[in-house]
Amino acid sequence: MKRVNLKGVLSLMFILVVGLLGTRCATPKEGLKTYPKDYVHPLTEINLEKVFSENRGLKILEENATKVHDYYRGGVQEKEEGERLLKESSWEEARDHLEKSNRFLRVVVKYLPEDEAYRNIYGEQTVIFLPNLLIADNDLKLITVYKNLKNDDKAAQAKAGGQQYLAESLKSVKTEWAFQVKKGLGDESPKK
Amino acid sequence: MASKEKEQDLKKYKNEFKVSSPILIDENASAANAYGVWNRPETFFINREGKIIARALREVDWTSNNMKNLIQYLLKEKK
């Protein structure tokens with residue numbers, strides 16, 4: 001085996017090690033907040049824009065997703081694109097992205113079924129982790145999309161699916177956002 | 001790159017483990033977030049074109065055959 005030439009390596013590529021100290025001198029977790037079970041996280045604290053901003057950056061491609069958090073990130077990124085297209089009334093394109101977002105997020109809930117307002121990922125670093133609520137929110141938006149595509153059956157399925165995932169989300173964490181989605185799903189009548 | 005670590009801890013770490021390479025401080029974890037880092041440590045291998053060509057999700061034994069093979073393979077890439 002030839003010896004690796006470190007200078008050569010550095011001139012050819014860049015190795016980025018994030019969180020170098022990792023396990024060696026990670027900061028203690030005493031700063032992490034805890035909330036009572038029935039605490040309702042207000043919209044100012046937990047909202048869609050915050051979730052989007054936490055998951056922007058490197059784009060996750062379906063073929064490159066390997067870890068559960070890749071699927072979460074991919075689900076959020078697809079959702080953001082779907083929401084953008086929804087505002088432009090590009091129904092078919094919005095449907096494709098929102099459905100893809102749900103595919104990603106369903107993989108997440110298979111392995112990590114509980115929503116968490118603040119999931120601790122390392123040290124004191126947390127992320128908003130609400131895969132069930134994101135699916136429910138996608139389904140709420142998909143009802144509008146399917147109605148515009150004149151597909152009432154799919155709209156009814158989205159409503160039923162959304163209510164199921166919303167219930168799962170509320171079992172673990174209560175958010176003002178979830179109650180808004182609940183109201184939205186309740187107001188939605190699939191058949192006009 | 002160290003996310004949300006204190007400078008004094010980093011200095012201590014550098015001295016203790018005799019680290020000669022530079023360590024950058026990612027104070028508010030913005031770089032870690034942009035790379036989608038949920039584990040520590042996590043290593044990204046970025047080629048000359050700026051593409052991530054490999055990722056290691058846990059501590060790496062840089063002297064292992066696998067790692068040597070990967071680096072040697074990358075070194076053979078044409079400019």
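Me: Buried means under 20% relative accessible area, exposed over 50%, and partly exposed in between, using a 1.4 Å probe and the protein chains only. What is the relative accessible area of Phe44(B), and is Phe44(B) buried or exposed?

Reply: We are looking at a predicted model, where local features need pLDDT of at least 70, side-chain atom pairs count only at pLDDT 80 or more, and totals for chains, interfaces and linings use all residues. Residues are numbered from 1 along each chain as its sequence is written, chains are lettered from A and ligands numbered from 1 in the order in which they are written, and side-chain values use heavy atoms, leaving out hydrogens and water. Phe44(B) has a relative accessible area of 2%, so Phe44(B) is buried.

Me: Let's get an overview of chain A. How many helices and strands does the secondary structure of chain A have?

Reply: Helices (H or I, at least four residues) and strands (E, at least two) are DSSP runs, numbered from the N terminus. Reading from the N terminus, the elements of chain A follow the order α-β-β-α-α-α-β-β-α-α-β-α. The secondary structure of chain A therefore comes to 7 helices and 5 strands.

Me: What share of the residues of chain A counts as buried?

Reply: The accessible surface of chain A (Shrake-Rupley method with a 1.4 Å probe; for residues, only the protein chains shown count as cover) comes to about 10200 Å², and 51% of that belongs to carbon and sulfur atoms. Chain A has 192 residues, and the buried share is 46%.

Me: How far does helix α6 of chain A reach from its first C-alpha to its last?

Reply: Helix α6 runs over residues 152-172 of chain A, which is 21 residues.

Me: What covers the buried residues of α6(A)?

Reply: Several residues of α6(A) are buried, including Ala155(A), Gly161(A), Tyr165(A) and Leu170(A). Their cover includes α4 (91-111), α5, β5 (174-175) and α7 (176-187) of chain A.

Me: In β4(A), which residue is the bridge partner of Arg119(A)?

Reply: Two strands pair if DSSP finds at least two bridges between them. Strand β3 (residues 116-122) and strand β4 (residues 125-129) of chain A pair in the antiparallel sense over 4 bridges. Asn120(A) stands opposite Thr126(A), while the partner of Arg119(A) is Val127(A).

Me: Which residue takes a positive phi in the hairpin of β3(A) and β4(A)?

Reply: β4(A) is mostly covered, with 4 of its 5 residues buried. The hairpin has 2 residues between the strands, and the one with a positive phi near 50° is Gly123(A).

Me: Which residues of chain A does Glu42(B) touch?

Reply: Glu42(B) sits in strand β3 (residues 42-46) of chain B and is buried, with a relative accessible area of 0%. Contact means heavy atoms within 4.5 Å. Not counting residues up to four places away in sequence, Glu42(B) touches several residues of chain B, including Arg55(B), and from chain A Leu16(A), Val17(A) and Val18(A).

Me: What is the angle between the planes of Tyr35(A) and Tyr39(A)?

Reply: Rings of Phe, Tyr and Trp (its six-membered ring) pair if their centres lie within 6.5 Å; planes under 30 degrees apart count as stacked, over 60 as edge-to-face and the rest as tilted. The structure holds 9 aromatic pairs over all chains. Tyr35(A) and Tyr39(A) form a stacked one, with 5.0 Å centre to centre and an angle of 25°.

Note on methods
Expected span 1.5 Å × (residues − 1).
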